Amino acid sequence: MSGGRPPRLPRPRRRPPAPRRQDGAPRTVFRLTGSGRRAARLTGRLRATGRLRLRGRLRVPALNKTETRAPKPRPPKLRTVKLRKLRTRTRMVLALATLLALVCTLLLDGYLHAEVGNDARVYRSHASRTVPDRLRKGGPVITFDRKGKATEHAIPSKTIALTFDDGPDPRWTPEILDVLRRHKVRGTFFVLGQMVVRHPELVRRMRAAGHEVGVHTFSHVDLSYQGKGRMDRELAQSQLALAGAAGITSSLFRAPYASKVRALDDRTWPVQQHIGSKGYISAFVDTDSEDWQRPPVKEIIQNATPEGRKGASVLFHDAGGNRARTVTALGLYIERMQKKGYSFTTVTGALGAHSANHPAHTLPIWEGRALIWAAVFTHSALPALMALLGLVGFSVIGRLLLMVVLAWWHRRSRERRRWSRVQEVTDPVSVIVPAYNEKECIANTLKSLSAATHPIEILVVDDGSTDGTADIAEAMGLPNVRVLRQANAGKPAALNRGIAHASHELIVMMDGDTVFEPTTIRELVRPFADSRVGAVAGNAKVGNRGKLIGAWQHIEYVMGFNLDRRMYDLLRCMPTIPGAIGAFRRRALLEAGGMSADTLAEDTDITIALHRAGWQVVYQEHARAWTEAPSSLGQLWKQRYRWSYGTMQALWKHRRSLIDRGPSGRFGRVGMPLVVLFQILTPLCAPLIDLFTLYGVIFLDPVRSLLAWGALLLVQLLGAAYAFRLDREGYRALAVLPLQQIAYRQLMYLVLLHSCVTAATGALLPWQKLKRTGEVETPRAPEAVR
């Protein structure tokens, strides 16, 4: 019909796009049929989470079909891979830098307290053939010209140069300064660089009062035993300390343990020559009060009084011990000598020379301030670290004792209730085996399942393997085995695919590198006789324990499954159902939202979600699975990095359980604090024990340090022995426990620290596939206790 409107054609129906999560991975779509309020309640949580799309009318709470639309995997861009590697290396550098900062803090504090680098040797006497006689009979001050010629200088008569060594001390130096201020007397303080860094305000007070400051080395070491390099460092560090504290340098020097010039000998004279070549003025003493021996006040005054009308450089101390008698004697001494007509001045003032203190340049001032700031930080950090060390030690011992007591209680309670003789559960079980490139292990896994004494169906979900894993499983021709293939979408997606195709209400999940004993599934499902139980955690054991790394993990697994999980089971706050062996009710899984890909620890995530949904999660120690543990440090690092970071993700995801009520609140206020304390904070701080032990052995008291460390090791050894007894394991493996505490604990600390840095930076990690060897071939019977 001409001129009319063209007929309207029906639009073709477009197929809706495949649902996706925020990270771009495909979302599993379940079709449910049936009706009724029970089904609506059962699936309400799934609908609220948005993880599942429900289509059709709800009739029965059963899954009968699944659709998974996964895009064809694309290789990551080269730039993305390089950026990811760079970020990983940056996080590792930050983790190592944190450990290095802790070590440097200990060393700096030890150096500032004369614990690191201290040489307690004190030279006593030697021949004096190389020392010029005129110097040994001259005055207490020696200077050197540019050619190295020494000249002695005497203190004029009726003149006293008051000198104070070893300070500044926060207790006694202020009192001595007060005495000098009251009598309007100036003196010379030969300070230690260590003390200046720790108390810079006292040096500023000295300079403000007009006193002279001299160098007494940095660490009060006898220079006659040191080389020129150590001498130069002692001088340079002392000058930095003075520059940072008061903005000055000093050309006045007194060697530690020096007394009168006549004590110079062939061993101490070269030290003075080297110091003189640096432009320093060496100051000795004429009269020693010997207050360092703490004699009576009258004796101190008598020792400090020169003979007749002679001038003198008089030695006192303002640090190094209790100087109450020095303070009392000083005031009386000044009054007594002033009545005799003596005047008091500094060392250079007595010689009529300019002050030995000079303004420092800008760069040394800022370098010195940096040194002082570092000292302030260590001074503040060390008490905190010591307190933290005490808390860590108490936490380690308390945790171990708590776990042993609760594990004993757990065993006794189950014996009283005859847990092993509870009602048999004969319902058939669907076993889901997610597999990704498991060609080395999949045959052993399926063979062990085929020998099960419980009726089962086996679902092998091949998650896009490229090594023929699915073909190997199909070629075995085992009964009750179905192989489901899907594009690579991750372990949670593979588990959800298996849940959707499972035929039975009870579901067992395991890893593709794990083997079961014939009775494992029968034992694992026993607790489901209680309708309140939604999930059961089994007992995972290390199958490849022949090497050192495997033996370390064997000890860790036995202690973890026979102490930790018994404790959590008794407290009804099990944090993790291991991916290697776990059983679930399908209904509980649906109410908890299915397996989530929000975290890298999907096993911890689903366990916490089950608690929050009101289900009980229990531990069945008789259900044993033998798994292949990482056999290299690199593989171990990857696995534990994923575990620790995934656990942090899961805890953060379910943080609202802290304020929930009911079972969710119970886990949030009981289980979550225990996990944070025992699996994050305590392991993160545990290396403090080894660091302080090593520090004490090298720099402090080695016997006491080793005894304390040995006592802690003994407690851990006894706890491990009890765990081995509960699991009927041989004690021979415990021989490597000391080495585990020395080496393995440090590795786990670095892994955890790396994870904390990753969590703090908000980085996302991909799934990390471990290399398998297929060492675990058949289930092993537990070893007899020796």
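Is Thr-159 buried or exposed? The legends below describe close-up views of a predicted model.

**View A. Thr-159 in strand β6.** Thr-159 lies in β6, the strand made up of residues 159–167. With a relative accessibility of 12%, Thr-159 counts as buried, because buried means under 20% relative accessible area. Beyond its neighbours within four places in sequence, Thr-159 is in contact with Gly-311, Ala-312, Tyr-342, Ser-343, Thr-345 and Ala-350.

**View B. Helix α23 from end to end.** Helix α23 covers residues 702–726, which is 25 residues. At 1.5 Å a residue the helix should span 36 Å, and this agrees with the 36 Å that separates its end C-alpha atoms. After α23 comes Arg-728, which has a positive phi, near 55°.

**View C. Buried residues of helix α23.** The buried residues in α23 include Ser-705, Trp-709, Leu-712 and Leu-713. An α-helix has 3.6 residues a turn, so residues three or four places apart point the same way.

**View D. Leu-712 and its contacts.** Leu-712 is part of helix α23. Its relative accessible area is 9%, so Leu-712 is buried. Setting aside neighbours within four places in sequence, Leu-712 is in contact with Val-396, Ile-397 and Ile-689. Ile-397 is 315 residues from Leu-712 along the chain, yet the C-alpha atoms of the two are separated by 7.4 Å.

Methods:
Residues are numbered from 1 along each chain as its sequence is written. This is a predicted model: local features need pLDDT of at least 70, side-chain atom pairs count only at pLDDT 80 or more; totals for chains, interfaces and linings use all residues. Side-chain values use heavy atoms; hydrogens and water are left out. Helices (H or I, at least four residues) and strands (E, at least two) are DSSP runs, numbered from the N terminus. The expected span of a helix is 1.5 Å times one less than its number of residues. Buried means under 20% relative accessible area, exposed over 50%, partly exposed in between (1.4 Å probe, protein chains only). Contact means heavy atoms within 4.5 Å.
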